[in-house]
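Here is a short report on a two-chain model. Please keep the structure open while you read.

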2 protein chains.
Amino acid sequence: MVDSFIYHNRTKIYFGNGELSHLHEELAKWGTRVLLVYGGGSIKKNGLYDKIVEEIDKAGLSGYEISGVKPNPEVPLAARGARLCREGGVDLILAAGGGSVIDTAKVIAGSTLYEGSPWDLVVNKVQPEKAVSLITIPTMAATGSEMNDCAVITNPVTHQKYGWSAEVLRPRVSFLCPENTYSVSPFQTACGSADILSHLLEVYLNQEEGFDSIDGYMEAMMRSVIRWAPIAMAEGNHEEARANLMWDSVWAINDLVESGRHVAWSCHGMEHELSAFYDIPHGLGLAILTPAFLRFALREETLPRLCQFAINVMGVKNKGDREKVARKGIKRLTKFLRETLELPAKLSDLSIDETLFERMADNVISWKGQEGVVQGFVPLTKEDIVEIYKACL
Amino acid sequence: MVDSFIYHNRTKIYFGNGELSHLHEELAKWGTRVLLVYGGGSIKKNGLYDKIVEEIDKAGLSGYEISGVKPNPEVPLAARGARLCREGGVDLILAAGGGSVIDTAKVIAGSTLYEGSPWDLVVNKVQPEKAVSLITIPTMAATGSEMNDCAVITNPVTHQKYGWSAEVLRPRVSFLCPENTYSVSPFQTACGSADILSHLLEVYLNQEEGFDSIDGYMEAMMRSVIRWAPIAMAEGNHEEARANLMWDSVWAINDLVESGRHVAWSCHGMEHELSAFYDIPHGLGLAILTPAFLRFALREETLPRLCQFAINVMGVKNKGDREKVARKGIKRLTKFLRETLELPAKLSDLSIDETLFERMADNVISWKGQEGVVQGFVPLTKEDIVEIYKACL
């Protein structure tokens, strides 16, 4: 049975097109001086920026902006934001963008009250007692950062890309408006969907017994992503597709699906190094790594779970020997990632060779708490990780 | 597609055997003077009462007790509790018991700051702005009241048993320890399980489109209850069975499964009158009414949903005509309630005849917001409700 656990998710969600009209109410409730964080300017093109400024004015808040957050965000920008907050007396952070923007905003929120480098907090050298309040407006269905307590950020000096979890980082309020994701390109929609699938697989593929119904929920979310992602790719402003992906993305990586299970984030650890060194989209890295990881993990003791996945998620008929069923499940998932989501299949397609594999593997196993072996669905040593990277060439 | 909605569930859950050892931390955080609410004394027999008193002492709180809450709790006891809180300066309520105890505690918490009758609040004549903080320790897996914003209570003068929903009623903290349900009898375990199933069916059986993954989660919870309830009935201290039922019970009736869907609580409205007039266990009333309601609701426009239920929950093979598949699903559910849960099949088994059916049906359709017709999976007029009651004789 699962270990004891605490479930506590304070984030208030407004879900639905048009719900952003409540933003000024929440802004007025949570702060007086706001820092708006966003990315490369797509929110200026699609009108979201203007709506946000209007709501900030309506709430009577003053404040600052920090823009130019790029995918695979880095610590220096967050450090700059934290300094700006300290000096400007900012008491509320508003993030509008994808996971990179929201995670940068979380690191700013969590390190404003600390004078040193935010990296000290990310690697748990220092524990944050408080953070500045955070409100988010996600513009992509992917990381689920808008309802969880985690931020992923890169140290550009060491090329380490780590996740930082702390309860104080959880947003106070998030506005999930499917319309804010209509302009996401088919490629980015595919990357985001691969990310959601990976979050679910990282928790679902587990040799610990969990709750039956939580397993069923994860299977249903995977089926939902498989159904709606291609529709959203083909028709960007398909409300139902965007809404399903948006609601799935937050519950896919949330305290509920874990419910006391230990999760090692095997593929995420390997992917973070890929995107930290080569700056590729996170979801794409996961889409390349996941099939290789599953083939590597296939063995007697993982067969029951892989068969359950094949049957309940990938629709494989439960007949023939178990290994065949499991392999068919992995094949169908691979086909979905390559053909339906149209994502590149190999690292070599991205001009990545084996030069850095050893160094990346070292970083993976030195992630806090791993102690030299990633203890996930199957244990992964440094050599195993290099082998999986090589299988992706 | 679903309507816009707000999701916000503030309750902090401690889940697992032994987690009650954290109670004193939460008591100290939330209050100084506590009112302990419990039922007929079973918590004194099984040792839970002593553990709670120890934790209250450890937290250094003083306070009062109110006991004797009975199933189908009534307003006068809650009014007495609210008066006690006002006069004694109580700032925290601690409920230890089943849904009746928790709901009574909620009504006390919500009406302490109001001098009139709590019934004014239940029928929304007055809106509560604040409530006293509430911590709960459920001793049964059934109503899910420990994580939602609703309380069900009876007016013994008018025989109206209504639900009262208000955000301020939501518990601050709940301790879900499966061990606290080990001594629940097989009959009460069956009633609780029928209640969980009914909560899910009330939301699931809906002609509005919802989220795919939420449908899947509800189906998985129903399958989980069907799997674990008989095991918990046969072996009271089966940790895994009790834990699954406990975690399902809170998520079965929670803001997440609704996620923007409108729910009319058709069977619950009819059942509340049964237990208000005849004082039968709520879950038993639902177990008798549900099959009759489903047979009544079966028609062309409800076939798709009833077939989905039959196939995905009751394991009916998807062949033959849709009506046959739907009927088979209803039959299997009925058999589960009667034979596996061993619950009485008919109102006449409980010495209930048709004398009060008209009066009860009048109360059902006069529930706030119904305007004469219950607009659920299928619309129910007064005559329809009488017909369903009669079909249960």
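In helix α16 (residues 382-391) of chain B, the buried residues are Ile385(B), Ile388(B) and Tyr389(B). Seen down the axis of α16(B), these buried residues fall within an arc of 100 degrees, so they line one face of the helix. Glu383(B) and Lys390(B) are exposed on the other side of α16(B). What do the buried residues of α16(B) pack against? Their partners in chain B are α11 (266-278), α12 (282-297), α15 (357-365) and β11 (379-380). The model is a predicted one.

**Helix α1 of chain B**

Helix α1 (residues 23-30) of chain B can be read in the same way. Its buried residues are Leu23(B), Glu26(B), Leu27(B) and Trp30(B). They cover an arc of only 105 degrees around the axis, which puts them on the same side of α1(B). These residues pack against one helix and several strands, listed here by name: β3 (33-38), α3 (48-59), β5 (92-97), β6 (133-138) and β9 (173-176) of chain B.

Ala59(B) belongs to helix α3 of chain B. Not counting residues up to four places away in sequence, Ala59(B) touches His24(B), Leu27(B) and Ala28(B). Of these, Leu27(B) is among the buried residues of α1(B).

**Two alanines in chain B**

Ala232(B) is found in helix α8 of chain B. With 29 other C-beta atoms within 10 Å, Ala232(B) is buried. Beyond residues up to four places away in sequence, Ala232(B) touches Thr189(B), His238(B), Ala241(B), Arg242(B) and Leu245(B).

| Residue | Other residue | Apart along the chain | C-alpha separation |
|---|---|---|---|
| Ala59(B) | Lys29(B) | 30 residues | 9.0 Å |
| Ala232(B) | Asp255(B) | 23 residues | 27 Å |

**The nonpolar core**

Nonpolar side chains tend to be buried together in soluble globular proteins. In this model, the largest nonpolar core has 269 residues. Which residues have the most contacts inside it? They are Val37(A), Ile93(A), Val37(B) and Ile93(B). Take Val37(B). Leaving aside its neighbours within four places in sequence, Val37(B) is in contact with Ile66(B), Val69(B), Gly81(B), Ile93(B), Leu94(B), Ala95(B), Val101(B), Thr104(B), Ala105(B) and Ile108(B).

**Strands in chain A**

Now turn to chain A. Five of the six residues of strand β6 (residues 133-138) of chain A are buried, so this strand is largely enclosed by the rest of the structure. Strand β5 (residues 92-97) of chain A pairs with β6(A) in the parallel sense, over six bridges. Within that pairing, Thr136(A) of β6(A) is the bridge partner of Ala95(A). β6(A) also pairs with strand β9 (residues 173-176) of chain A, again in the parallel sense, over two bridges. There, Val173(A) of β9(A) is the bridge partner of Ile135(A).

**How the chains meet**

A rotation of 180 degrees with 0.0 Å of shift along its axis superposes chain B on chain A, with an RMSD of 0.0 Å. The two copies are thus related as by a two-fold rotation axis. Which residue of chain B comes closest to the rotation axis? It is Tyr217(B), with its C-alpha at 2.1 Å.

The contact between the chains involves 35 residues of chain B and 35 residues of chain A. On the chain B side, the elements that give two or more residues are β1 (5-7), β2 (12-15), α8 (212-234) and α9 (239-252). The largest share of that side, 10 residues, comes from α8(B). By class, the side of chain B that touches chain A has 13 nonpolar, 11 polar and 11 charged residues. Of the interface residues of chain B, 100% are also interface residues in chain A, so the copies meet through the same surface.

Strand pairing also crosses between the chains. Strand β1 (residues 5-7) of chain A is joined to β2(B) by three bridges, and the two run antiparallel. In β2(B), Ile13(B) is the bridge partner of Tyr7(A).

Definitions and conventions. Residues numbered from 1 in each chain as written. Chains lettered and ligands numbered in written order. Predicted model: local features only at pLDDT ≥ 70, side-chain atom pairs only at ≥ 80, totals over all residues. Least-squares fit on C-alpha atoms with pLDDT ≥ 70 in both. Contact = placed C-beta atoms within 7 Å. Helix = DSSP H or I, 4+ residues; strand = E, 2+ residues; numbered from the N terminus. Nonpolar A, V, L, I, M, F, W, Y, C, P; charged D, E, K, R; others polar. Pairing = 2+ DSSP bridges. Buried ≥ 20, exposed ≤ 12 C-beta atoms within 10 Å, placed from the backbone. Arc of directions from axis to C-beta. Core = buried A, V, L, I, M, F, W, Y, C linked by C-beta atoms within 7 Å.
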